[in-house]
Amino acid sequence: MRLDAYLSRAGLASRREARDSIRAGRVRVDGVVCREPATRIEGQTVTLEDARVERPGETRDWLVHKPVGLACSRDAREAPLVYDLLEPALRNRPVQIAGRLDRATSGLLVLTTDGDFVHRLTHPSRKLPKRYRVGYRGELPADAVARCAEGILLEGEDRPTRPAELSLDGPGQATLVLREGRTHQVRRMFRALGAFVETLHRDRIGDLELPPDLGPGALRPLAPEERALLLSESSL
Ligand code: URA
């Protein structure tokens, strides 16, 4: 395993933070400073700022049906939190959310102790598609589908959104597939098109759909084949 992946799988850092620590000379491999994130680790002793980094153990991943009302945050002032859905013993472990949802958004969410998995699901270069079911108020313009496909310049930003697929499903109902994750992106794209999002639900990430038997507020371990669907290249 690469050194940066080793650190992030041990739950210590995101892949980027791990790389920064390595380049800054804070990481040693068998006692020697190693500044190369791609170094292969196969049994050597790794230390970060002189503390031994345990070999990444069993990672744990969960599939969550996030209900409306919970915040994707660690900040107790924002309670109730998505982390409250985990059993109490796990709440203080380094569990991360791979691709957050707004408090008012429901749907498919992945939690994991594997920082490298988060990196692979959220890195912009991967362009992993995420599908949103949207209930909106107002009229979308006749060229809404084309504008989403071309990219929309959102307020306060200097580059347009990546091409996104909008389909109109019926009065006030639409589906939007995004290949990036800017803050409140669906809501802001609809505002830019002159409509207002009233309900927002994510039901698919990559090739993985929210299982119909997982109700709002429920979670369960992610099965290995579901992990594989999230990492599959077929939908990219
Ligand atoms: N876009 C939004 O506006 N909110 C979400 O939660 C996800 C995507």
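Domain 1 (3-52) and domain 2 (61-124 + 212-234) both give residues to the lining of the second largest pocket, so that pocket lies between them. The domain bounds come from an automatic or database domain assignment. This is a predicted model, where local features need pLDDT of at least 70, side-chain atom pairs count only at pLDDT 80 or more, and totals for chains, interfaces and linings use all residues. Residues are numbered from 1 along each chain as its sequence is written, and side-chain values use heavy atoms, with hydrogens and water left out.

A word on terms. On a 1 Å grid over the protein atoms alone, a pocket is an open set of points where a 1.4 Å probe fits, with protein on both sides within 12 Å along at least five of seven lines; lining residues have an atom within 4 Å of a point. Grid points are joined across faces, edges and corners, and a volume is the space filled by probe spheres set on the points.

The second largest pocket holds about 360 Å³ of space. It has 17 lining residues, and Ser14, Gln96, Val118, His119 and Thr122 are the closest to its centre. Helix H3 gives the most to this lining, four residues; helix H2 (15-23) and strand S6 (96-97) each supply at least two. Helices (H or I, at least four residues) and strands (E, at least two) are DSSP runs, numbered from the N terminus. By class, the lining has five nonpolar, seven polar and five charged residues. Ala, Val, Leu, Ile, Met, Phe, Trp, Tyr, Cys and Pro count as nonpolar, Asp, Glu, Lys and Arg as charged, and the others, Gly among them, as polar.

Next, the largest pocket. Its space is about 670 Å³. Of its 30 lining residues, Arg100, Lys130, Glu180, Gly181 and Arg182 lie nearest the centre. The class count here is ten nonpolar, eight polar and twelve charged. Domain 2 (61-124 + 212-234) and domain 3 (129-205) both contribute to the lining, so this pocket lies between those two.

Last, strand S5, residues 61-66. S5 pairs (at least two DSSP bridges) with strand S7 (residues 105-112), antiparallel, over six bridges. Trp62 has Leu111 as its bridge partner there. Three bridges join S5 to strand S13 (residues 219-221), also antiparallel, and Leu63 is partnered by Arg220.
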